[in-house]
Each structure stands twice: as C-alpha cells, then as structure tokens.
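Please keep the sequence and the model in view while reading.

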Amino acid sequence: METPAISSRRAGDVLETWNGEAVDRAAIPVVPIARFRALVLGVLRAGGRLSALFGREEDGGVVLTAVLADDPEGRLGLVSARVGASYPALSSEAPAAQAFEREIAEQLGVVPEGHPWLKPLRFEPQRRAAPDAFGRKDPRATIPGEYPFFAVEGEEVHEVAVGPVHAGVIEPGHFRFQCHGERVFHLEIVLGYQHRGAEALLRGGPGRRSVAVAESIAGDTAVGHALAYVKGLESLAGATPPARALALRGVALELERVANHVGDLGALANDVGFLPTASYCGALRADFLNASAELCGSRFGRGLLVPGGVRFDLGAEEARALGARVRASWEKARAAASLLLEAPSARARFEGTGTVTREVAAELGLVGPAARASGLDRDVRRDHAFGIYRFVHVPVTTADSGDVLARALVRFLECERSVEFTAGQLEHLPGGDVGAAPGPLAPDALVVTLVEGWRGEIAHVAATDAAGRLATYKVKDPSFHNWMGLAMALRDGQISDFPLCNKSFNLSYAGHDL
Amino acid sequence: MIDILKFRLGYGRQTVAWPDGPPRFPARFRGRPVLDPARCGDGCAACADACPTEAIRDAGRPSMAVDLGRCLFCPDCAAACPSGAIRLGHDHRLASRSREALVVSGDQPLLADALGAELRRTLGRSLKLRQVSAGGCNGCEAELNASGNIQFDAGRFGIQFVASPRHADGIVVTGPVSENMALALRKTWEAVPPPRVVIAVGACAISGGPFRGSPVVQDGAAPALNGVPVDLWIPGCPPHPITFLDGLLRLLGRLGPRDGAPAAPRT
C-alpha cells in the first residue's frame, strides 16, 4: 500500500495546511508558551479565527495545539506549545478562547492563569492524574451547575433558573438569569448534561461503531458531523471519493440545512404566536427530511456516509424526480415563511430583539448563520471549500442588524441558495460510481477537517499513532462558539424574549457536551 | 390576512391517513430487520462483525436473532451479508412491552400489548407525557416533536407532551442517560403522580445505543431508573413518528392486530 502524501509546509512558527490535508504530526512546531500566545493573539487581532484549541497528554505533560483559520486565504495554521500545571490564559485578551481553555482545564488539569470565567465546562471526568483546575474537592461527584453562579445583588434584582428539564421536547441545559424586572442583566448558561464521551469512543478507531457515533454527536447534524469524520479518514488514507459521491454528500448536507432552517422558521413563528407559519413550516420541514429518506432511508441522513464515499446512489430518473420535489417543497416553504417575514406584527417582534453586534460576534468568534446575521462574511463552503463545493459555489448570505430578524432572514435566504444548489446537483449528477473503501491510515499524521454544518463551522481534528490508529480525536461543534453569543444576545433584553432568541440560534446541547 | 387564508385554502389537508390506512414510507425506509438464517453460509458471521452495536446474536445459526433494543437500523448488516439472509424490512411496528421481546428472529410483526384495563380506564381518552432528554442527540427528540405536528398529529389521539411532570401520566426517556442527567431524570419521574408509565424511546434509551459502554453514560433508562419498570420500549435511531405513535396506541389498546399495518410490499 502506497503511503499517502503528507504535507509539511512551515510558515514561520506555524505549520500551514488547508481543510482536509493530512500533515506530519511531528512537523507541527512546538514553541514556548509565550510565543504560542503571541502567535494566536496576533492572528485573532488580525481578523483570523480560532477554529479549535485543544490539549493532549504527552510524556506526563500537556501539549496545546491551536488550529488557526485564515478565511480570505483559505489557509489553516497549526502550532503547539508544551505547558506545565498552568500557563497565562489567552481568554484574558481573546474571548473567543474562553470555552476552549475551560475545556482544556477540565480535561487535563491545566490552569489558564487570568481566565476571566474559569468554571467547569461540561463536568466531565479529568483525563489525566492532576489536581482539579477548579479546586473542587470531589470533581467526579459534581453535576452541572454545582458552582457559584455569577450573581447580581441589589434591591428588586431577582434570579430565574430554568432547566435542565425544559418545558418542551428539548435537550437539557440550565439557564440562570439575573434580572431587574423584565430586564436581563446577565444570562449564565450551564451545559454538560449531555456529555456522553463521544470523543473517547472515537479514539482508538476507526472501528465499526465510529460512523454511528459521529452521526450521533448531534443528531440534527448527523450528515455534518459524519462528513467531517469520513473526510478526515479519507485524507489520512490518501483516498479521494468519486465526484458522484461528493455531489450526493453535498445534496445530503444541504437537505439537512434546509430541513433545520425551515423547521426553525416555523418555531420562530410559534414563539411570537404567528400560527399559520408555525404549523405549515413544522410540516414542510418533513418534506426535506423525507427527501433525505428517499436518498438513504433515514430522515436524518443516517447510514448514507461511509469512508470513501456514500452508500446509496440514485438512478437518473430518481435523481431528477427528487430534484423537482425539493424545488416544489421549497416553493411551498418559501410561501409559508414569507407570510411570517412579511407580517408587520411578526417583524416588529423580531426587529431589534436579541441583537449581537458585529464587534461582539467577531470577538466571540461566532460562526454560521449567527455570525453572518451580524455581518461577518464567513462560510466554510466558500472559505475552506471542500468536496463538491470546490467545483460548485453556494453564494454566502449576510445581514447586518444582528437581531432575531437578521438571523431569520439569513436562514431564509440560505434555504433559497441551498435548494438551488441541491436541485442543480440532482439534475446533473456526475457519472461514475459512489465510492470504495479507503486503505489504512497513514501513521503519525494529523488532519483538520472543516464542514459548514447548518449551524456553522464543524471542525474535527484526527491524529494517528505509529500504528495508524486514531490517537487523538477532537470534535468542535459550531455551538461551542455560539452559546456565548446567545448569552450576549439576551444582555439588557427582556426575559420574555428568551425563547425567541434561543430559537433564532437553536444551538446544540449534545454537540457542545459531546 | 387574505394571503394567509389563500395559502390555507391551497395547502389542503396535511394529516397522514394512518392509522385508518397504511402508512406511506420512502422506498428505502428501514424498518424491522428480516432474518432468514437458512440462507446463511457455513460459519458466516459477516453481519455480526459489521454491526456497530453488537445487536446480532447467533449469526449464521438457525437461532439467529436481532436485538432491536440495540439495533440502529443502519444498512451495515445487510450490506455485509453475502446471501440476503438479513435485510432491513419495511415494517414500522417495533414497540414492545417487554425488553426480551425486542430480540426478534424470522419475520414476525412486533405488536405491543395494551396496558391493564384498570390503568386504561384511569387514563381515559388522554395520555399526557413529560419528555426527558437524558443524553439524547436531538434525533429522537426531533421525531417526538414531529409526532405532534399537523402531519402526524398526536393530539387527535389525545396524546400530548406537557410542560410539567405534575400534569403528566408518565415520562418518555430519550438518550443513553448521561451521568450528568441521571439525577434530573430520577427527580422528574418522582414528580409524576402515580400511576405513571415509563416509555424508553430509541436505541440509546433502551440499551445505550452507539454510546453503550461509555463510562459517562448509564446505558439507558432501565439501569438509570433502577427498580422502576419500563412499560414500553420503542426501538429506532431515531424511531419514525409513526413507529412512536404505533407503540403508544397499542399501549392504550386502540389498535387491533391488523390496524395501521404496512402496505403490501412494493414490487
């Protein structure tokens, strides 16, 4: 078996790579922490992004690795640093790092000194023998929320606690509001209830259960996460799926996007009591789920993706019929959503509600429709094009008001573009077969795969050991960045607007908690 | 307003004909696995070797069976089988009152038994449920939400999800029950006034699903609610809304053996 080509391009102290390119693990520069910090902060100041930041144990110590993204150039950068029991936090200067550094502290017992919000992130067991970074007596016995909440004191200030079990059929999380009357001073979001150990199950793989685990990281993003997973394996094995498989993967990813956006437009309508759109979009979402099922038997695209390609193909007539059906469904969904977006009463509730300014969105490193609604022009499908998106471009939609209306409009327009792309692909599928199993993975290699899921950038980092097994597996769901965006959207808003704001983001609890 | 009314007129009836007629599924829908061990090659266990969740027992032997409580209804076993001895059928009816009955062989429909007459009388014509997602990935949750939309319209059967456990007749558990949700799940169950039912939905809540064996989950509702009987198991990853409703309606004794059966296989 031929060894796949492994890149090692150095640019100063950073290893340059791009989306889905396998690199030699040993080529990632390990620099002193002061240099690491300066590099990462410099990139963020210059408008770059932190796609991932993670730690792993090595020779009793901890090695941090940052994945830096240069969107306009479509480049990624990798840099590492070895740290001891503590290091000077990045978050004190770069809020975008806050959740990553809490995750590292929790998993590895390394204290980011000067972190402004050093609290457990998902209440998972530590991965290495070291003192608890948060000074808890019995970390294993604590459950989410067992820590001092940020509290506002004063006359007529009151606290509202919601969750983990919510009123609807929703995943669990805890929301703690500090309010003065209706006005929200501060919202603290506590997650971790959903922690199932997904990364640990992927380490040591690939195994027969791996794709099912990847599909279950966030069940509403089964295609997005499974795609990031199989893409990583293919890169490590030096395999390229055939064009027909790439096109069908794109179709599945866009159907997932449209189904979720249409469902959420209905849910937004429900939250302002605009019932026609609520009930129509709830049912029309099913048209797009059922289109996925026509392709692969599962309404959520489960079972479609396999390393090397896709498992299901469509005949020429089936593909054309499915394309026509997707177009027809969107005609109906567009009309149903337009009722909402054109109703002055509904627009009035959306306008100016839950605003996240462009500056805040950039500082927090928001991704996906939440970022684009605040004027940040970023989309992995264009900036770090992969698979079919290297050949066929989906125009990026942005808005600038950063409120619920902007998030609704961005999602509405994204549906329009996704449907155009999906139907176009189905009408002109490339010929050929849909894939073959890739060979063994290259040893001691690492790959970063980015996918634009419907919530934004999904990042998976896979690294192999000397035997070609997955030694490190890091998953980052877009929600990991965006939960803090929701908290900021509520600041100085009305507590009664929370359901509406929450739905406009519709973040993943499972994807965050892993 | 005129536009809304015009749209409504053009939109027509959305609710599915089921259970008065057969349900309609896409041609590639994957329902209950159908086994024919007579076709198995000598000593072949390709299906069991491919299965992500070790759901297949006695592969290649006449006693071959699939544990639907573990099954993800993925295409892996059928794709691995060289002889067509295992395939995913079209039958959406998967629910059972007993965990053991989820281990199926051959091609027999699985129909859940009804609750006792006394409990059914207490429930009357309504069933209010409190849902607890305990590590659910939002797949099962999405399908449970869909069961209440205008297509599947659980409300027409008096079935509804309610906000408070105090208003509920039982709980519906999804997810493998993460360690971090075990206490909240127990407390929610305790808050439901008896008599109360417990319904486990999806492979995760039945067996841990793809997360079975992870040290931070409890492998489903039964181990997590230790000592509390589970009244209904509804397999799937996730179960289709009609599979969910089939289970509930049979639990309530509202469907006869032939009601809501799948249509004759398409050719």
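In helix H8 of chain A, the buried residues are A:Ala319, A:Leu322, A:Gly323, A:Val326, A:Ser329, A:Trp330, A:Ala333, A:Ala336, A:Ala337 and A:Leu340. A residue is called buried if 20 or more other C-beta atoms lie within 10 Å of its own, exposed if 12 or fewer do, and partly exposed in between, with C-beta atoms placed from the backbone. Helices (H or I, at least four residues) and strands (E, at least two) are DSSP runs numbered from the N terminus. The model is predicted: local features need pLDDT of at least 70, side-chain atom pairs count only at pLDDT 80 or more, and totals for chains, interfaces and linings use all residues. Residues are numbered from 1 along each chain as its sequence is written, while chains are lettered from A and ligands numbered from 1 in the order in which they are written.

H8(A) covers residues 316-341, 26 residues in total. From its first C-alpha to its last, H8(A) reaches 37 Å, close to the 38 Å expected at 1.5 Å a residue; the expected span is 1.5 Å times one less than the number of residues. The buried residues of H8(A) are covered by elements that include H6, H7 (275-296), H9 (344-350) and H13 (404-427) of chain A, together with H1 (2-11) of chain B. Contact here is defined by C-beta atoms, placed from the backbone, that lie within 7 Å.

The discussion now turns to the contact between the chains. Chain A and chain B each bring 50 residues to the contact. On the side of chain A that touches chain B, H3 (198-202), H4 (210-215), H7 and H8 of chain A each supply at least two residues. H7(A) provides the largest share of that side, 10 residues. By class, the side of chain A that touches chain B has 29 nonpolar, 12 polar and 9 charged residues. In this classification Ala, Val, Leu, Ile, Met, Phe, Trp, Tyr, Cys and Pro count as nonpolar, Asp, Glu, Lys and Arg as charged, and the others, Gly among them, as polar.

Which residues have the most contacts inside the largest nonpolar core? They are A:Cys281, B:Val173, B:Leu185 and B:Val201, in a core of 250 residues. A nonpolar core is a set of buried Ala, Val, Leu, Ile, Met, Phe, Trp, Tyr and Cys residues joined through C-beta atoms within 7 Å. B:Leu185 touches B:Val132, B:Ala134, B:Val173, B:Val177, B:Ala224 and B:Leu225, leaving aside residues up to four places away in sequence.

Chain A also contains paired strands. E10 (residues 157-162) and E11 (residues 174-180) of chain A pair in the antiparallel sense over 6 bridges, and A:Glu159 has A:Gln178 in E11(A) as its bridge partner. Two strands are taken to pair if DSSP finds at least two bridges between them. E11(A) also pairs with E12 (residues 183-190) of chain A, in the antiparallel sense over 7 bridges. A:His180 stands opposite A:Arg183 in E12(A). The hairpin formed by E11(A) and E12(A) has 2 residues between the strands, and A:Gly181 in the turn has a positive phi of about 60 degrees. A:His186 is placed in E12 of chain A and touches A:Phe150, A:Val152, A:Gln178 and A:Arg491, not counting residues up to four places away in sequence. Why does A:His186 count as partly exposed? A:His186 does so because it has 18 C-beta neighbours inside 10 Å.

Several loops show backbone features of interest. A:Phe123 has a positive phi of about 55 degrees although it is not a glycine, and it lies in the loop between E9 (111-113) and E10 of chain A. A:Phe123 counts as buried because 25 C-beta neighbours lie inside 10 Å. In chain B, phi of B:Phe73 is near 55 degrees, a positive value in a residue other than glycine. B:Phe73 lies in the loop between E3 (65-67) and H3 (76-80) of chain B. A cis peptide bond joins B:Trp18 and B:Pro19, with omega about 5 degrees. Another cis peptide bond joins B:Pro194 and B:Pro195, with omega about -5 degrees.

Conventions. Contact = placed C-beta atoms within 7 Å.
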